Number of protein chains: 2
Amino acid sequence: MKKNTDYSLYLCTDEDLMSTQTVEECVELAVRGGCTVIQLREKKLTTREFYHTAQNVLKITRKYNVPLIINDRADIAMAVGADGVHVGQKDLPANVVRKMLGPDKIIGVSCATPEEAVKAAADSADYLGAGAVFPTGTKSDTRPVTRDTLIKITGSVSIPVVAIGGVNRLTAPGLRGTGIKGLAVVSAVAAQPDISAAAAEMLKIYKNL
Amino acid sequence: MKKNTDYSLYLCTDEDLMSTQTVEECVELAVRGGCTVIQLREKKLTTREFYHTAQNVLKITRKYNVPLIINDRADIAMAVGADGVHVGQKDLPANVVRKMLGPDKIIGVSCATPEEAVKAAADSADYLGAGAVFPTGTKSDTRPVTRDTLIKITGSVSIPVVAIGGVNRLTAPGLRGTGIKGLAVVSAVAAQPDISAAAAEMLKIYKNL
């Protein structure tokens, strides 16, 4: 699943921004609509709850043959057999996670500068999440990434870069020509009344970039 | 280090309850005073900060040949090469952590009932932390464990049980005859003006139980 991973529409879950009762429902609707990667990000659950949620979500992503990436917690990724781990600059370094997960798992790194991008690629990251490319209310600790910086980031590495932060149907067209390999979304898909339709629309927007 | 681990005086760190500037200073003073096991519990740090702190503390515990146990985060324990992981009832199950860490690492489990104790032992725990045996301000989510329950817990398993929660020089003598194999302390050592002296006193109290 790692080879030729399709990053076109990458959904980060956020329990505060879902229009469904459960993250499992949200993920299934999103994947049906066209999301190509799921990242499970749970900052409020206990470790045990995160573990059980990851087990449940993995059953769904397996059914649709879409990779499941776990945010931060490499131990939970290993415990459930997820497809990879996404780390931020305040999480474990990518090279440390690589030693734990081995060569076959997907490792992604959040970057806001070309220097961080080059470092992450050297640390064996498989893809980068660059952002926040637009203002966002979802995460308070992201740093702004201008269009120029985003172009420098994609130009500085050979691994795929997805744009994250405030990406929605209105802002996404502004990412044309930046060299990204996918759109990372949170509320633009998960918070919509029709999650599948929102995913389908965002995927279409990406393909038309 | 796992074989014949001496649980006599088991220190859980708590950054809010230290009389020193850093957790590293606290641990070194505690170990010099006689602490036989260190558990690093950091709920407020970022993962990266926890990782770096664990690296630093491990250098100290290695110097004094005392095991370092990481609370909850099996990934951080693996990343730094710590001696084990301690999990609560809301963390990963012990048998899941065992698969990740292998047979040579120490796994501890928090228990408040004989049923939880028996389950943890069956899940390959090496020791149990039973509590809270006395009222405590350190952790808000612990359940009370009476003297009778503590005796039932130690009687229900063959692995060592340490008593935790409100254990200090005034309360510890009340644990005589309960079958415990150590005292787990937080503020009774870490929050004292002379950490080494407090550790030495608590160790003496345990040995005289």
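R73(A) pairs with D72(B) in a salt bridge, with 3.3 Å between the closest N and O atoms. A salt bridge here is a side-chain nitrogen of Lys or Arg within 4 Å of a carboxyl oxygen of Asp or Glu. The model is predicted: local features need pLDDT of at least 70, side-chain atom pairs count only at pLDDT 80 or more, and totals for chains, interfaces and linings use all residues. Residues are numbered from 1 along each chain as its sequence is written, chains are lettered from A and ligands numbered from 1 in the order in which they are written, and side-chain values use heavy atoms, with hydrogens and water left out.

## The interface

Across the interface of chain B and chain A there are two salt bridges. The count of residue pairs in polar contact between the chains is 14, both residues at pLDDT 80 or more. A polar contact is a pair of N or O atoms within 3.5 Å; within protein, one must be able to donate a hydrogen and the other to accept it, and residues adjacent in sequence count only if both atoms are side-chain atoms. Three helices of chain B, α2 (47-63), α3 (74-80) and α4 (94-101), each give at least two residues to the side that touches chain A. The largest share of that side, five residues, comes from α3(B). Helices (H or I, at least four residues) and strands (E, at least two) are DSSP runs, numbered from the N terminus.

In contact terms, 19 residues of chain B meet 19 residues of chain A. Contact means heavy atoms within 4.5 Å. Chain B and chain A bury about 1600 Å² between them, 63% of it on carbon and sulfur atoms. Of the area that chain B buries against chain A, R48(B), D75(B) and L92(B) supply 32%, more than any other three residues. Buried area is the accessible area (1.4 Å probe) that two parts lose on being put together, summed over both.

## Symmetry

Chain B superposes on chain A by a rotation of 180° with 0.0 Å of shift along the axis, at an RMSD of 0.0 Å. The two copies are therefore related as by a two-fold rotation axis. In chain B, the C-alpha nearest the axis belongs to D75(B), 2.3 Å away from it. Both copies use the same surface: 100% of the contact residues of chain B recur in chain A. The superposition is by least squares on the C-alpha atoms of residues with pLDDT of at least 70 in both copies.

Over all chains, the structure holds 22 salt bridges. Three of those within chain A follow.

| D83(A) | R62(A) | 3.1 Å |

D83(A) and R62(A) form a salt bridge. This pair links distant parts of the chain, 21 residues apart: D83(A) sits in the loop between α3 (74-80) and β4 (84-87), R62(A) in helix α2 (residues 47-63). D83(A) counts as buried because its relative accessibility is 8%. R62(A), at 39%, is partly exposed. Buried means under 20% relative accessible area, exposed over 50%, partly exposed in between (1.4 Å probe, protein chains only).

D126(A) lies in the loop between α5 (114-122) and β6 (127-131) and R98(A) in helix α4 (residues 94-101), so the pair ties together parts 28 residues apart in sequence. Both D126(A) and R98(A) are buried.

E116(A) is buried at 16% relative accessibility. R143(A) is partly exposed at 37%.

E42(A) is in the loop between β2 (37-40) and α2 of chain A. E42(A) is buried yet has no salt bridge. The nearest side chain of opposite charge, R41(A), is 8.4 Å away. Lys and Arg count as positive, Asp and Glu as negative; His and the chain ends are not counted. Neighbours within four places in sequence aside, E42(A) contacts T13(A), E15(A), V23(A) and F50(A).

## Backbone details

The peptide bond from G131(A) to A132(A) is cis, with omega near 10°. A132(A) is in the loop between β6 and α6 of chain A. In chain B, a cis peptide bond joins G131(B) and A132(B), with omega about 15°.

N65(A) has a positive phi near 60° and is not glycine. N65(A) is in the loop between α2 and β3 (68-71) of chain A and is exposed at 60% relative accessibility. D72(B) has a positive phi near 70°, again in a residue other than glycine. D72(B) lies in the loop between β3 (68-71) and α3 of chain B and is buried at 6% relative accessibility.
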